[in-house]
Amino acid sequence: MNRTITRLTRVFFISALSINSAMALPIDWTGTFGVDTHLLNNFRRTNDRITKNAATKTGTQGIASGDNGANFQTYVFKLNPQMIVNDGVTLKGELSTGSIRGGYAGDNSANNSDPSNTGNNSYFFTSPAQRSGLNINQMYMELYADTALVKLGRMSKHYGLGAIYDGGNEAWDRFFTMYDGAEAEMKIGNFSLIPSWSKISSYDDTNRKSQPAGGWDVREMGVVAKYDNKNRDLEVSVLYAKRHSERKNSLYNSTTTTGEIDREKNEVTIINPYLAKKWNKFKIALEAPMMTGDYGRVYSATQKSRVTSNAYILEAKYDLNPKWDIGTNLGQISGDKGSSNKFEATYLHPNYHVADLMFRYHYPSFNEGTKSVFDSSITNTRYYKLYANYKSDKWTWKGSFVIANALETAQSGKRSYHHEENYAFTSTQKQSKDFGHEIDFGFDYRWNPNVTMSGYYGYWFVGDYYAFSNTNQKINLENVHGGGLRATLEF
């Protein structure tokens, strides 16, 4: 009897294992993990003790007094599972931690409001470790059909150079353009048509919850028409999209010194042509996003504004030989004049950078804490960059020079716009256009096929644009410089 029971038990467990093996789905795992350290000097761009107090705050480019040097370490963690369900369906996703697809060394992502709340900290060396939560940044399915590739779910969106729509595909991209919706790519030969529908937001900020009624929605409908000829190394495309927001939405409604502004319904259209071409050793790419439409009540609770903004970006590279390449990045990103009936500024995606220091950080946030220091966008500028790279078997050495000027500046007695802190004001003085220039050096060392060690050093000669205080007394400027080291694992 006991032998019979033993045989039956073995058969049961073998059958269970066979079922589990049959039901298991293959999962491919890719991802990125990286750690870095940074040291910045003079991030306030001055050594003045007080450059932003109650009497001088409006319009000044000064940053609140306090620290003037930053020493911080961060990490990124992105895990991308891919589950093949069957020949026609694949489930894809992205998992990360923290608010910037990672976080700061020593932070507590599980309880940022009280980082010390980790238990009994009376014992200096035996305090509990910090905690962190896991975020599902993306989760969508790809459906393969005879006529189209369909994506459904929460996904990233990338277009062109990533100036406006950036998928966060690079190892140290801390942000990405996220859409909840559907997309279908229909391809005939070299031509593709990609229509999409997405819901960007449906959140009630007052009650801290999502609202299914629709009155809080921000939606976008768009289409990309693309010609991609691999044999000729030519890609030409145009993106057309309309973004519509309802009156109660919390994504665009804002709070000002006079109270919360209800921007009401608004609709903005973006047309974004893109061209990329390669001739043997020379490659060029151009992107020119243009936005128009009803932007709602930006400046006041009584008057609506129209948006008319644009940007023109060019990237070019020439391979001199297998070891050397040189290139240039040029851009003109529109700024706002501060008028109450138009909003003319374009803000590029925070992932898009041209320098190691200039436009790289939101410098007021180091002392004022309004948002992430990494959440900084290129805006209101015309910039020129020249660079050169030298490559050997394991090393890449980099050098670049960047110069930038403002397109819109404060004029005495006129309305102006503070592009770094996003508000309009009346100016009493004239402001310089000079953002300054910057010299950057860096290197990459390929430790092995999956690990790269990197370093950089930048020196920003700060321009007189940042000496503006909206008073008779200008800010005494100091140059910004700093560097860092980074280790990146990609698998």
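# Questions on cavities, rings and salt bridges

Visitor: Is Glu-183 buried or exposed?

Guide: The model is a predicted one, in which local features need pLDDT of at least 70 and side-chain atom pairs pLDDT 80 or more, while totals for chains, interfaces and linings use all residues. Residues are numbered from 1 along each chain as its sequence is written, and side-chain values use heavy atoms, without hydrogens and water. A residue is called buried under 20% relative accessible area, exposed over 50% and partly exposed in between, with a 1.4 Å probe and protein chains only. Because Glu-183 has a relative accessible area of 16%, the residue is buried.

Visitor: With which residue does Lys-157 form a salt bridge?

Guide: A salt bridge requires a side-chain nitrogen of Lys or Arg within 4 Å of a carboxyl oxygen of Asp or Glu. The closest N and O atoms of the pair are 3.8 Å apart, and Lys-157 is itself buried at 8% relative accessibility. The partner of Lys-157 is Glu-183.

Visitor: How many residues apart are Lys-157 and Glu-183?

Guide: Strands (E, at least two residues) and helices (H or I, at least four) are DSSP runs numbered from the N terminus. Lys-157 belongs to the loop between strand S6 (149-156) and S7, whereas Glu-183 is in strand S7. The pair thus links distant parts of the chain, and the separation is 26 residues.

Visitor: What is the volume of the largest cavity?

Guide: A cavity is a set of points on a 1 Å grid over the protein atoms alone where a 1.4 Å probe fits but cannot get out, and its lining residues have an atom within 4 Å of a point. Grid points are joined across faces, edges and corners, and the volume is the space filled by probe spheres set on the points. The structure holds two cavities of 30 Å³ or more. The volume of the largest cavity is about 50 Å³.

Visitor: Which element gives the largest share of the lining of the largest cavity?

Guide: Among the lining residues are Lys-157, Tyr-179, Glu-183 and Trp-197. The largest share, five residues, comes from S7.

Visitor: How many nonpolar residues has the lining of the second largest cavity?

Guide: The nonpolar class holds Ala, Val, Leu, Ile, Met, Phe, Trp, Tyr, Cys and Pro; Asp, Glu, Lys and Arg are charged, and the others, Gly among them, are polar. The lining of this cavity, which has about 30 Å³ of space, includes Lys-157, Tyr-165, Leu-239 and Tyr-240. Two of its residues are polar and two are charged, and the nonpolar residues number six.

Visitor: What is the angle between the planes of Tyr-445 and Trp-447?

Guide: Rings of Phe, Tyr and Trp (its six-membered ring) pair if their centres lie within 6.5 Å, and planes under 30 degrees apart are stacked, over 60 edge-to-face and the rest tilted. Tyr-445 is partly exposed at 23% relative accessibility, whereas Trp-447 is exposed at 54%. The pair is edge-to-face, with 6.5 Å from centre to centre and an angle of 80°.

Visitor: Why is the pair of Tyr-465 and Tyr-466 edge-to-face?

Guide: Tyr-465 is buried at 4% relative accessible area, and Tyr-466 is buried at 7%. The ring centres are 5.2 Å apart, and the pair is edge-to-face because its planes meet at 75°.

Visitor: Which residue lies over the face of Phe-374?

Guide: A charge sits over a ring if NZ of Lys or CZ of Arg is within 6 Å of the ring centre and within 35 degrees of the ring normal. Phe-374 is one of the residues that ring pairs link into a cluster, which also includes Phe-43, Tyr-361 and Trp-460. At 3.9 Å from the ring centre of Phe-374 lies Arg-174.

Visitor: Which residues are linked with Arg-174 in a network of salt bridges?

Guide: The structure holds 17 salt bridges. The residues linked with Arg-174 are Asp-36 and Arg-486.

Visitor: How many residues apart are Lys-391 and Asp-325?

Guide: These two residues form a salt bridge with their closest N and O atoms 3.2 Å apart. Lys-391 is partly exposed at 29% relative accessibility, while Asp-325 is buried at 3%. Lys-391 lies in strand S21 (residues 381-391) and Asp-325 in strand S19 (residues 324-333), at a separation of 66 residues.

Notes. On a 1 Å grid over the protein atoms alone, a cavity is a set of points where a 1.4 Å probe fits but cannot get out, and a pocket is an open set with protein on both sides within 12 Å along at least five of seven lines; lining residues have an atom within 4 Å of a point.
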